[in-house]
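Here is a short briefing for someone meeting this structure for the first time. Please keep the sequence and the 3D view at hand as you read.

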Amino acid sequence: MQKGNAPTERKLQCLFRRPEASRLIRRCNDFGAGGVAVAVGELADGLTINLDAVPKKYEGLDGTELALSESQERMAVVVAADDADEFCRYADEENLEATPIAVVTKERRLMMQWRGETIVNLERSFLDTNGASRASAAVITAPAEENYFTPQPVTDVRAAWAQTLGDLNVASQRGLGERFDGTIGAGTVLMPYGGARMCTPVDGMVAKIPLRHGETSTVSIMTHAFDPYLASWSPFHGGLFAVLQSLAKIAALGGNWKRAYLSLQEYFEKLGDTASWGKPVAALLGAFVAQSELEVGAIGGKDSMSGSFLDLHVPPTLISFAVAPGDATHIVSPEWKGRDHALVLLETPLDEYAMPDFEVFIDHADRLFAAAEKGLLKSAQAIDAGGLAAACAKAAFGNHIGARLSDALTPTEWFAARPGSWLVELDREVAEQWALDEHITIIGATAGDSISLAGVTLPLDALQARWEEPLEKVFPTKTLQPAPLYPVSPVADNPTRRARTTIGTPQVVIPVMPGTNCEVDTARAFENAGADVSTVVVRNLTPQALNESVEALVKAVETTQILAFPGGFSAGDEPDGSGKFIAALFRHPALTEAVNDLLTHRDGLILGICNGFQALIKLGLLPYGEIRELAPSAPTLTYNTIGRHISHYAMTKIVSTKSPWLMYFEPGELHRIPFSHGEGRLYAAPDVVQALAANGQIATQYCDEWGSVHETMPANPNGSVAAIEGLLSPNGRILGKMGHSERYGPYVAKNIIGQKKQKIFQAGVDYFTGR
């Protein structure tokens with residue numbers, strides 16, 4: 001099964017999530033370094049592998065190359081011989097290749113055959129020895145006398161803050177993070193950047209456990225930690241505090257750190273002499289000390305000793321990843337929530353050897369978890385690179401809430417490294433009670449729109465600009481290229497709120513193309529509204545499979561009330577842009593006829609979101625209401641003006657209610673919706689935009705939090721003409737929009753402010769039920 005691209009990886013996930021398929025799998029392994037020899041060879045003690053049966057990307061590979069070539073694009077599974085045909089059938093239904101390439105044998109030998117000859121025949125007992133034993137000597141050197149934890153004296157608070165926020169380990173990475181889809185699955189509890197301005201970075205990933213049906217508040221929490229400067233000073237302390245800090249972040253998020261497990265990622269210079277061997281040994285010893293003191297185990301990891309190029313070497317790197325279960329109702333985000341709240345430092349003290357007081361750390365972490373369960377934490381953050389100064393600034397950015405910081409700490413101490421300590425926002429009464437205990441200090445209060453310390457006032461806008469500056473040219477977050485704006489008047493008109501025929505349970509058909517990744521979220525949204533949903537997987541591995549898929553789609557469309565095109569990247573957005581694969585398929589005469597019949601004779605509705613919207617535009621269904629050839633003046637969706645994929649929430653407003661899809665809305669109503677696309681900028685000529693506006697076909701626009709439209713980011717995230725986010729057909733029964741309204745659910749995006757639920761799915765269903 002190929003796993004060389006995102007669309008195929010998605011299909012693999014769908015196959016493995018099918019209960020009838022996953023129950024057949026006895027063992028599985030992903031391909032990687034070592035190719036077939038490792039991926040298949042690890043699955044059973046006795047194996048006979050037919051290398052001639054292994055699917056090849058390239059012709060001309062000999063037996064050795066087939067057996068050993070790195071191949072990180074496939075999965076190997078073991079099923080019972082009697083189940084092989086059934087499993088292959090399930091794979092075909094998901095549009096995946098599945099090929100039997102080996103059999104499990106009773107004899108404990110690994111055998112490989114190629115072109116009728118046995119080219120490998122090894123006893124398993126020999127393979128289990130892992131080859132010849134090796135040993136190396138290692139020398140661990142003491143850290144330099146200049147203690148990493150001794151801060152540089154601060155004489156100029158303003159300059160120190162600017163220098164700290166400009167450090168690459170502190171500076172904003174939002175332009176990089178927005179390149180990755182952070183909302184797929186409608187289960188993201190904390191967005192990577194939160195608050196009204198979506199600028200405060202979170203301490204880790206929190207996502208609901210994915211369920212196809214039903215709801216859950218159970219989440220997985222994952223954090224990571226590593227300080228390259230600390231590890232360079234002392235690999236031992238680097239490994240120790242990586243573990244400590246990853247667990248501190250679990251606690252800051254409201255998780256129970258005692259239920260966490262670790263995975264350690266190591267990356268060191270090429271090993272040769274005893275000094276180079278001493279670095280990974282010291283780092284692992286440090287991690288082991290932390291694990292032993294905290295009684296937290298590591299269940300896996302990965303190492304590499306290739307971090308050298310000539311005289312350049314990577315820092316002694318041991319990254320600790322911590323994973324723990326949690327409850328979404330207790331999850332806490334780091335952005336400050338309001339003014340006149342107390343700011344509290346929970347500090348883990350260090351001894352003269354820069355070793356943390358583990359007992360104090362445990363007491364603090366337990367306190368945070370108990371407070372999260374009781375709902376006492378307004379916000380919490382593990383203090384990371386840049387010390388308290390950086391933590392305060394980042395917490396302030398999200399909701400643009402400043403602080404008055406006290407003189408409980410000297411200016412120098414605000415910038416000192418404090419791994420394993422926390423910054424917490426509390427009600428004053430709770431803070432005063434906590435401060436009675438050791439190592440807990442009230443250090444200020446939230447107030448205004450600036451940060452004041454030691455007589456210096458620092459406007460948040462200036463601090464944020466400095467924080468965003470270092471990586472802005474590399475990973476931009478904004479563009480100054482303006483989009484044309486035209487007057488768009490609100491249209492409060494909904495003449496057709498009900499279909500002519502009432503149906504108790506409307507049918508919804510969702511085509512699943514190669515690259516579609518939002519069909520599950522879309523199906524769930526319609527099911528929650530009371531519809532009966534069926535998905536049709538388009539199989540295109542062979543001409544026959546494609547013809548069968550067209551026939552299945554035609555039958556489905558002929559009996560449905562709603563046709564919904566979900567988001568994704570159909571055919572990897574190739575060739576020549578998003579949505580063309582879907583458009584080409586639905587221009588098949590039989591499918592075109594079925595769609596036209598749905599619209600003209602059965603009062604049918606059509607919805608297209610993101611990639612689905614792109615398909616509706618390319619088919620002519622938007623804005624014309626029918627499948628037709630496109631004129632040069634037809635609207636189109638093209639690349640975002642920023643020149644990259646965007647994934648974040650944006651504000652939209654309802655402009656026209658001239659649609660059954662929008663019958664529960666009023667013009668001017670605002671919603672904050674997740675977006676994830678690279679080609680979402682709508683372009684049309686001025687006369688076309690004016691005609692669409694006059695006819696009430698501009699459904700929604702991008703806007704700011706007050707409902708005003710703008711030419712540029714962030715209020716117009718992709719640079720669409722007239723800030724258009726969604727369009728309607730002339731009769732309103734076709735809606736296309738870029739925003740993923742289906743990615744909504746309980747506890748989703750807790751750190752994003754605004755109305756996130758759009759009842760378009762309920763409206764579509766109620767159009768037929770008459771409710």
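Strand β11 (residues 261-267) runs parallel to strand β12 (residues 298-304), and six bridges join the two. Strands here are DSSP runs (E, at least two residues) and helices are runs of H or I with at least four residues, numbered from the N terminus; two strands pair if DSSP finds at least two bridges between them. This is a predicted model, in which local features need pLDDT of at least 70, side-chain atom pairs count only at pLDDT 80 or more, and totals for chains, interfaces and linings use all residues. Residues are numbered from 1 along each chain as its sequence is written, and side-chain values use heavy atoms, with hydrogens and water left out.

**Strand β11 and its partners**
- In β12, S304 is the bridge partner of Y267.
- β11 also pairs with strand β15 (residues 317-327), this time antiparallel and through seven bridges.
- There, A322 of β15 is the bridge partner of L262.
- Strand β11 has a covered face made of L262, L264 and E266, and an uncovered one made of Y261, S263, Q265 and Y267.
- In a regular strand the side chains alternate between the two faces of the sheet.

**The domains**
- The protein chain is divided into domain 1 (6-128), domain 2 (217-331), domain 3 (333-470) and domain 4 (507-769), with bounds that come from an automatic or database domain assignment.
- Taken over C-alpha atoms, the centres of domain 2 and domain 4 are 43 Å apart.

**A sheet of four strands**
- Four strands form an open sheet with mixed pairing, in the order β4-β2-β5-β6.
- β4 (102-104) and β6 (117-123) are at the edges with a single partner strand each, so one side of each has no neighbour in the sheet.
- Neighbouring strands of this sheet are turned by 10° against each other on average, direction ignored, using axes that are lines fitted to C-alpha atoms, for helices over the stretch in contact, and angles that run from 0 to 180 degrees between N-to-C directions.
- Strand β2 (residues 47-50) and strand β5 (residues 109-114) pair in the parallel sense over four bridges; T48 stands opposite M111 of β5, and I49 has M112 of β5 as its bridge partner.
- β2 pairs with β4 in the antiparallel sense over three bridges, and L47 stands opposite V104 in β4.

**A sheet of nine strands**
- Another open sheet has nine strands in the order β24-β23-β25-β26-β33-β32-β31-β28-β29, again with mixed pairing.
- The edges are β24 (532-537) and β29 (670-677), each with a single partner strand, so one side of each is left without a neighbour in the sheet.
- On average, neighbouring strands of this sheet are turned by 20° against each other, direction ignored.
- Strand β25 (residues 562-565) and strand β26 (residues 605-609) pair in the parallel sense over four bridges, with G608 in β26 as the bridge partner of F565.

**The second largest pocket**
- About 890 Å³ of space lies in the second largest pocket.
- Of the 35 residues lining this pocket, the closest to its centre are R197, M198, C199, P714 and A715.
- A pocket is an open set of points on a 1 Å grid over the protein atoms alone where a 1.4 Å probe fits, with protein on both sides within 12 Å along at least five of seven lines; lining residues have an atom within 4 Å of a point.
- β28 gives the most to the lining of the second largest pocket, with five residues.
- Domain 3 and domain 4 both give residues to this lining, so the second largest pocket lies between them.

Note on methods. Points joined across faces, edges and corners; volume = space filled by probe spheres on them. Buried < 20%, exposed > 50% of the residue type's maximum accessible area, 1.4 Å probe, protein only.
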